[in-house]
Amino acid sequence: MRLYDYPSSGNCYKVRLLLAQLGVDYERVNVDIFNGDTLTEEFAALSPSRTTPVLEIDGGEALLESNAILAYLAEGTELLPDELIARAQVMRWLFYEQAEIVPSIASLRMRLSAGALTPDHRAAERMRQAGAACLDVLEQHLSERDFLAGEPYTIADIAVYAYVHVAGEAGLELSDYPAVSAWIERVEATPGHVDDLQPIPPDTRLGMGRSIYG
């Protein structure tokens with residue numbers, strides 16, 4: 001397998017985390033998403049949306065969208081239950097993460113780090129409020145269970161953990177959410193856990209025409 005990814009992307013990190021926990025060997029190809037690497041025709045042939053991660057599996061087929069990749073890799077393991085209701089609970093959080101957490105916590109993390117927004121900008125405040133609402137949902141849910149889909153730990157936890165555990169980089173204080181903080185500790189105690197998610201480099205800049213982000 002070959003994984004095309006960016007070291008500071010939570011969407012890419014979640015795939016690396018699952019691969020590590022499954023003990024799967026793969027080749028890693030760094031893609032600088034802010035410096036034109038996704039704008040080439042070669043990359044577009046892999047990912048027409050010009051986004052990362054991309055997992056190229058044996059035979060050359062390219063899998064896109066981080067949570068779809070998680071579901072593919074986890075099939076047949078306890079990280080993705082066979083029972084339909086349990087599986088639906090996992091899918092619930094995969095959808096929630098992309099629909100709510102990425103546009104708020106993940107997007108604000110990137111824009112603050114890249115200097116596209118200042119912390120006191122109205123758009124930043126809106127994203128921060130949306131991110132806080134996500135953490136409120138998680139806090140209530142995790143106050144009654146160890147993991148998002150109940151037991152055991154699943155790819156739902158991997159997907160949500162990826163950006164939530166660095167919510168501080170979006171200006172959100174995780175210490176205000178004790179159940180979420182305890183869940184983060186439980187995720188980090190799972191076998192094979194790695195955290196190689198890097199901060200967004202301080203020289204990253206949006207609006208330079210070298211990425212799909214501007």
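Residues are numbered from 1 along each chain as its sequence is written, and because the model is predicted, local features need pLDDT of at least 70 and side-chain atom pairs count only at pLDDT 80 or more, while totals for chains, interfaces and linings use all residues. Side-chain values use heavy atoms, with hydrogens and water left out.

Helices and strands are DSSP runs numbered from the N terminus, where a helix (H or I) has at least four residues and a strand (E) at least two. Helix α3, covering residues 66–74, is mostly covered, since seven of its nine residues are buried, a term that stands for under 20% relative accessible area, with exposed meaning over 50% and partly exposed in between (1.4 Å probe, protein chains only). The buried residues are S66, N67, I69, L70, A71, L73 and A74, and they pack against α1, β3 (54–56), β4 (62–64), α4 and α6.

How do α3 and α6 lie against each other? Helix α3 and helix α6 (residues 155–164) pack at an angle of about 150°, with their axes 10 Å apart; axes are lines fitted to C-alpha atoms, for helices over the stretch in contact, and angles run from 0 to 180 degrees between N-to-C directions. The two helices are therefore roughly antiparallel, because angles over 145 degrees count as roughly antiparallel, under 35 as roughly parallel, 65 to 115 as roughly perpendicular and the rest as oblique.

In this packing, N67, L70, A71 and A74 of α3 meet I155, I158 and A159 of α6, where contact means heavy atoms within 4.5 Å. By class, the contact of α3 with α6 has six nonpolar, one polar and no charged residues. An α-helix has 3.6 residues a turn, so residues three or four places apart point the same way.

## S8 and R109

S8 lies in the loop between β1 (2–5) and α1 (10–22), and S8 is buried, with a relative accessible area of 3%. R109 lies in helix α4 (residues 84–113) and is also buried, at a relative accessible area of 2%. Leaving aside neighbours up to four places away in sequence, S8 touches R109, L197, Q198, P199, I200 and P201, whereas R109, with the corresponding neighbours set aside, is in contact with residues including S8, Y163, E169 and Q198.

Their side chains also make polar contacts, each being a pair of N or O atoms within 3.5 Å; within protein, one atom must be able to donate a hydrogen and the other to accept it, and residues adjacent in sequence count only if both atoms are side-chain atoms.

| Side chain | Backbone oxygen | Distance |
|---|---|---|
| S8 | P199 | 2.9 Å |
| R109 | S8 | 2.9 Å |
| R109 | Q198 | 3.2 Å |

In the loop between α2 and β3 lies R50, which has a positive phi of about 60° although it is not a glycine. E65, in the loop between β4 and α3, has a positive phi near 70° and is likewise a residue other than glycine; E65 is partly exposed, with a relative accessible area of 46%. Just after α3, G76 takes a positive phi of about 85°.

Terms used
Ala, Val, Leu, Ile, Met, Phe, Trp, Tyr, Cys and Pro count as nonpolar, Asp, Glu, Lys and Arg as charged, and the others, Gly among them, as polar.
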